Amino acid sequence: MSRKSRRNRPGTGPAPVAPAALQQKGRRGLVIGFLVLLLVAGLAFYALRNQGARTTSDAAGATAAALASEHSPSVGDAAAKVHVVEFLDPACETCAQFYPVVKQLIAQHPGRVRLSVRHVAFHEGADYVVRALEASRAQDRYWQALEALLQNQAQWAPHHTVQSDRVNPILAAVGVDMQRLAVDMTGDDVEQRIGRDRDDAITLKVTATPEYFVNGRPLPEFGYEPLLALVGEELDRAY
């Protein structure tokens, strides 16, 4: 008997499927589909979570790199466990007001607090002063130059506008060789440090000065008390 004739014979075909069997098969399909959806959703959630973790890790890494201040002038014990990073504009009046507070913090906690200064030039003409400060480091006169400029800021930066011709006499008064300074101000090392501070300020979203980070933590709000409190918290945590 040919396959054709056997297929066409009455009663020899597949048995009809009962409605209950159809329902059971449908329920099984729904369960499988639901399980597949759960699996897909779980995989998607896992991928998004990993992506979020990578993004957070990348952001933390960028912040840490931006706060690394090995190239910056620093005062205080290098082994101090509380590190204050300050973004400073020498023509900023508030920076001049806050500087004695930070200096006092270092004196009150010898060996435990250190300060690194990063330069940003937000005020008109401040880039000249930043360049002069960076160049003064070659003569080991940075801190003398910074303190003299901040103390006499009203003389050379009236209304936050730098008068560069009034800057040089103040630097000369603290022993800066002005002829050498003029040459050093154009050096590649000065340009690189200034560029690094500018780029890091952008990364950290520094839009005003002074801006402080204490062991990587920004101030919760600006002011003397928040700065003192944050330093105090980090001192308690470290010591």
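Helix α9 gives the most to the lining of the largest pocket, with four residues. The model is predicted: local features need pLDDT of at least 70, side-chain atom pairs count only at pLDDT 80 or more, and totals for chains, interfaces and linings use all residues. Residues are numbered from 1 along each chain as its sequence is written, and side-chain values use heavy atoms, with hydrogens and water left out.

The largest pocket holds about 180 Å³ of space. A pocket here is an open set of points on a 1 Å grid over the protein atoms alone, where a 1.4 Å probe fits, with protein on both sides within 12 Å along at least five of seven lines. Grid points are joined across faces, edges and corners, and the volume is the space filled by probe spheres set on the points. The lining comprises 13 residues, and the closest to the pocket centre are His119, Val120, Ala121, Ile194 and Arg198. A lining residue has an atom within 4 Å of a point. Helices α4 (126-136) and α9 (188-203) each supply at least two lining residues. Helices (H or I, at least four residues) and strands (E, at least two) are DSSP runs, numbered from the N terminus. By class, the lining has eight nonpolar, one polar and four charged residues. Ala, Val, Leu, Ile, Met, Phe, Trp, Tyr, Cys and Pro count as nonpolar; Asp, Glu, Lys and Arg count as charged; the others, Gly among them, count as polar.

The salt bridges number 12. The criterion is a side-chain nitrogen of Lys or Arg within 4 Å of a carboxyl oxygen of Asp or Glu. Asp189 and Arg193 meet at 3.7 Å, N to O. Asp189 is partly exposed at 42% relative accessible area, whereas Arg193 is buried at 16%. Buried means under 20% relative accessible area, exposed over 50%, and partly exposed in between (1.4 Å probe, protein chains only). Asp200 and Arg196 form a bridge with closest N and O atoms 2.7 Å apart. Asp200 is buried at 8%, and Arg196 is partly exposed at 30%. Through shared partners, salt bridges join Arg118, Arg196, Asp197 and Asp200 into one network.

Arg137 bridges to Glu134, with the closest N and O atoms 2.9 Å apart. Arg137 is partly exposed at 25%. Glu134 is buried at 2%.

On the surface, Val31, Phe34, Leu35 and Leu38 form a nonpolar patch with about 400 Å² of accessible area together. Patch members have over 30% relative accessible area and no salt bridge; nonpolar side chains (Val, Leu, Ile, Met, Phe, Trp, Tyr) are joined within 5 Å, and like charges within 9 Å. Areas come from the Shrake-Rupley method with a 1.4 Å probe, and for residues only the protein chains shown count as cover. Phe34 belongs to helix α2 (residues 19-67).

Ala64 also lies in helix α2. Ala64 is partly exposed, at 48% relative accessibility. Its C-alpha is 9.7 Å from that of Leu204, at a sequence separation of 140 residues. Thr207 occupies the loop between α9 and β4 (211-214). Thr207 is exposed, at 68%. The C-alpha atoms of Thr207 and Phe87 are 9.8 Å apart, across 120 residues of chain.
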